[in-house]
Amino acid sequence: TPPAGNASFMVAFGGDSITASNAVIFDTIREMAPLMFLQLGDINYKNIATNDQSLFHAGLNENLAQSRQAQLYRTIPLDYVWDDHDSGPNNHDGSAASVAAAAAVYRNRIPSYTLPHATAIYHTFDIGRVRFIVTDQRSLASANSATDNSSKSMLGAAQKTWFFDLLANSPGMLIVWVCPRLFGQPTTAGSDSWGGFTNERAQIAAQIHAQCPGRVVVFSADMHAAGIDDGSHHDFLSGGGEPLKCFQAAPLDIAVTGGGNIYSE
């Protein structure tokens with residue numbers, strides 16, 4: 001149960017762990033005793049491409065059979081949103097055949113806050129004066145290869161409406177946007193990150209600037225490298241003026257392979 005009203009607290013977050021990992025990092029997180037662990041996707045790398053619920057159950061069973069992971073999840077409250085490798089094949093979008101099975105197994109196995117959509121798993125919750133907005137960036141996404149214009153969306157119309165409504169109706173709150181895919185990549189056509197969805201990224205920056213300027217920070221994973229930015233390299237408002245502080249999680253237990261983006265820290 002989260003604290004009500006003003007409160008000081010710590011959360012841990014990260015993503016990207018090899019299938020059936022039993023790495024020491026899971027003990028490290030547990031021993032830090034955060035209020036919550038936010039798992040930002042790729043909890044395993046099963047890359048299931050079919051609409052087969054049994055395969056997703058088996059993947060989660062492999063995770064829970066590992067002593068360090070299991071002890072973390074039974075000790076520290078968990079909030080989990082998937083990315084690509086744990087909800088379908090690599091770099092998939094909303095057309096993947098696996099999405100229906102992943103959605104059914106998530107609802108069967110993962111305790112969660114209210115899920116407003118029948119398939120996607122986006123949701124929100126508050127801790128004290130902090131609002132966490134957790135977005136599903138796979139289930140409703142356009143293909144990476146689509147033309148980067150106003151029709152291309154990583155969130156989908158229903159989720160974007162929900163997201164923008166929360167941005168407009170969270171007065172006085174710090175907003176943590178849980179954004180599994182890499183947010184700060186420069187424009188890169190066809191990229192499996194926000195660098196390939198720059199039109200929608202600018203729309204989000206404009207909504208933040210209009211409704212809750214200076215009150216949004218971004219938690220991301222997927223890059224396989226760590227960084228923190230004060231916003232100076234994450235201002236995607238047309239013409240500038242809405243720098244977003246970004247916390248980029250390193251992978252939990254796989255080799256650091258990403259990078260190339262610019263962070264102040």
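Which residue in S3 stands opposite Gln39?

Modeller: Tyr80 does. This is a predicted model: local features need pLDDT of at least 70, side-chain atom pairs count only at pLDDT 80 or more, and totals for chains, interfaces and linings use all residues. Numbering runs from 1 along each chain as its sequence is written, and side-chain values use heavy atoms, without hydrogens or water.

Start with the strands (DSSP E runs of at least two residues). S2 covers residues 36-39 and pairs with S3 in the parallel sense over three bridges. Pairing takes at least two DSSP bridges. The open sheet has three strands, ordered S1-S2-S3, with parallel pairing. S1 (11-14) and S3 (78-80) each have a single partner strand, so one side of each lacks a neighbour in the sheet.

Now look at Phe37. Phe37 and Phe132 have the most contacts inside the largest nonpolar core, which has 35 residues. Such a core joins buried nonpolar residues through side-chain atoms within 4.5 Å. Buried means under 20% relative accessible area, with a 1.4 Å probe. Beyond four places in sequence, Phe37 contacts residues including Phe13, Ile29, Leu72, Leu78 and Leu252. Contact means heavy atoms within 4.5 Å.

Helices are DSSP H or I runs of at least four residues. Just after H1, Ala33 takes a positive phi of about 55°.

Notes:
Buried means under 20% relative accessible area, exposed over 50%, partly exposed in between (1.4 Å probe, protein chains only).
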